[in-house]
Amino acid sequence: MSIWWSLHLRREAASVPLARRLLLGTMETAGVDPDISYDLSVALSEACANAVEHGGNTAHGGCSEAYRVTAYLDGEKCRIEVADSGPGFAGDDRPARLAHDEAEGGRGLFLIRELADHVHIGNKPGRGGAVVSFDKILKWKKDAPLVAV
């Protein structure tokens with residue numbers, strides 16, 4: 001069985017826990033192992049926080065007030081995508097930047113890479129904006145109602 005949902009969220013701090021709670025509720029209802037659910041919810045929170053902080057693009061006439069979160073639970077994998085309308089990532093610097101221990105910020109992409117199985121970080125073609133997508137193989141609780149057959 002497959003489940004998917006997509007949210008169009010305002011670039012406000014309050015949107016981050018909303019997306020996280022929806023993901024956790026979906027995973028709990030489906031019967032996903034709580035450790036996997038937690039890892040994905042932390043990664044989603046980091047991606048959403050980045051979209052809230054960096055996702056505006058008023059200079060190019062883009063919509064700076066919203067970003068999109070889409071989640072797919074399909075078979076044995078969950079894939080999550082967060083897309084914004086900001087300036088995107090600059091050249092080759094985008095995937096390689098890792099946080100320094102003393103840095104206040106910049107740990108989000110590092111955490112996402114540590115918590116997910118596969119991560120893709122890039123820019124939206126043409127219109128601008130960043131896209132962070134990641135997936136993780138799911139583990140299921142015993143007697144999970146929506147486990148892949």
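1. E12 counts as partly exposed, since its relative accessibility is 38%; here buried means under 20% relative accessible area, exposed means over 50%, and partly exposed is what lies in between, computed with a 1.4 Å probe on protein chains only. The side chain of E12 forms a salt bridge with R10, and the closest N and O atoms of the two are 2.9 Å apart. The term salt bridge is used when a side-chain nitrogen of Lys or Arg is within 4 Å of a carboxyl oxygen of Asp or Glu, and by this rule the count comes to four.

2. Please keep in mind that this is a predicted model, in which local features need pLDDT of at least 70 and side-chain atom pairs count only at pLDDT 80 or more, while totals for chains, interfaces and linings use all residues. Residues are numbered from 1 along each chain as its sequence is written, and side-chain values use heavy atoms, with hydrogens and water left out.

3. A further salt bridge joins the side chains of D39 and K136, with 3.7 Å from N to O. Because D39 lies in helix α2 (residues 34-54) and K136 in strand β5, this pair ties together parts that are 97 residues apart in sequence. Helices (H or I, at least four residues) and strands (E, at least two) are DSSP runs, numbered from the N terminus. D39 is partly exposed at 21% relative accessibility, whereas K136 is buried, with a relative accessible area of 9%.

4. E81 and R68 also form a salt bridge, their closest N and O atoms being 2.4 Å apart. Since E81 belongs to strand β3 and R68 to strand β2 (residues 66-74), the pair ties together parts that are 13 residues apart in sequence. E81 is partly exposed, with a relative accessible area of 24%, and R68 counts as partly exposed at 31% relative accessibility.

5. Strand β5 (residues 130-137) deserves a careful look, for seven of its eight residues are buried, so the strand is largely enclosed by the rest of the structure. Two strands are said to pair if DSSP finds at least two bridges between them. Strand β3 (residues 77-83) runs antiparallel to β5 and is joined to it by seven bridges, and the bridge partner of K77 in β5 is I137.

6. Strand β4 (residues 118-123) is likewise antiparallel to β5, with six bridges joining the two, and G122 has V131 as its bridge partner in β5. In the hairpin of β4 and β5, six residues stand between the strands, and G126 takes a positive phi near 80 degrees.
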